[in-house]
Amino acid sequence: MDTTQQPLEARDLPYDVFAKACPSRGTLEHVTGRWGGLTLGALYEGSLRFNELRRRVDGVSEKMLSQTLQALERDGLVHREAQPTNPPRVDYELTPLGGEVAERLLGLIHFVEGRMDDILAARERYDVTRGAR
């Protein structure tokens, strides 16, 4: 069995995201944070300029998108390419590692989108139950 298919308990990995000081925890936060996952998902569709990406990730501020891209670039998930033109042109695209991460995230995104009717019904049941107290 390939190690990516083994249960987490069976893997012999040097990192443990559940340990507070493990550097993998920071990367997980970058990937699964509010804007990280959406940014990776948007870039999975192809290379985008900053403003194209900002329009695609509706609601993200310029500051947050910039910080998100820097974190993802530092983690080796996003490649930033600045063109020496006037005005400067900067394109962002996924690295091969970023593409692998984005594929997994998109699986989760599509699963959640496909189950939203169930989720909304559960929220309604919860709100009715909690509101009845």
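Visitor: Is Asp 91 buried or exposed in this model?
Guide: This is a predicted model. The relative accessible area of Asp 91 is 12%. The cut-off for burial is under 20%. Asp 91 is therefore buried.

Visitor: Which residue meets Asp 91 in a salt bridge?
Guide: The contact runs between side chains, N to O, at 3.0 Å. A salt bridge needs a Lys or Arg nitrogen within 4 Å of a carboxyl oxygen. The partner of Asp 91 is Arg 89.

Visitor: How many salt bridges does the whole structure hold?
Guide: The pair of Asp 91 and Arg 89 is a salt bridge. Glu 62 also forms one with Arg 54, with the closest N and O atoms 3.8 Å apart. A search of the whole structure gives a total of four.

Visitor: What distance separates the closest N and O atoms of Arg 56 and Glu 45?
Guide: Arg 56 is in helix H3, and Glu 45 is in the loop between H2 and strand E1. They are 11 residues apart, and the pair links distant parts of the chain. Their salt bridge has its closest N and O atoms at 2.7 Å.

Visitor: How are H1 and H2 set relative to each other, roughly parallel or roughly perpendicular?
Guide: The axes of helix H1 (residues 23-32) and helix H2 (residues 34-44) come within 4 Å. They cross at roughly 65°. Angles of 65 to 115 degrees count as roughly perpendicular. H1 is therefore, relative to H2, roughly perpendicular.

Visitor: Which helix gives the largest share of the nonpolar patch?
Guide: Leu 108, Phe 111, Val 112 and Ile 119 make a nonpolar surface patch of about 340 Å². Ile 119 lies in helix H6 (residues 116-131). The largest share, three residues, comes from helix H5.

Visitor: What is the relative accessible area of Ile 119?
Guide: Patch residues need over 30% relative accessible area. Ile 119 belongs to the nonpolar patch. Ile 119 is partly exposed, so its value falls between the buried and exposed cut-offs. The value is 31%.

Definitions and conventions:
Residues are numbered from 1 along each chain as its sequence is written. This is a predicted model: local features need pLDDT of at least 70, side-chain atom pairs count only at pLDDT 80 or more; totals for chains, interfaces and linings use all residues. Side-chain values use heavy atoms; hydrogens and water are left out. Patches are made of residues with over 30% relative accessible area and no salt bridge: like charges are joined within 9 Å, nonpolar side chains (Val, Leu, Ile, Met, Phe, Trp, Tyr) within 5 Å. Accessible areas come from the Shrake-Rupley method with a 1.4 Å probe; for residues, only the protein chains shown count as cover. Helices (H or I, at least four residues) and strands (E, at least two) are DSSP runs, numbered from the N terminus. Buried means under 20% relative accessible area, exposed over 50%, partly exposed in between (1.4 Å probe, protein chains only). Axes are lines fitted to C-alpha atoms, for helices over the stretch in contact, and angles run from 0 to 180 degrees between N-to-C directions. Angles under 35 degrees count as roughly parallel, over 145 as roughly antiparallel, 65 to 115 as roughly perpendicular and the rest as oblique.
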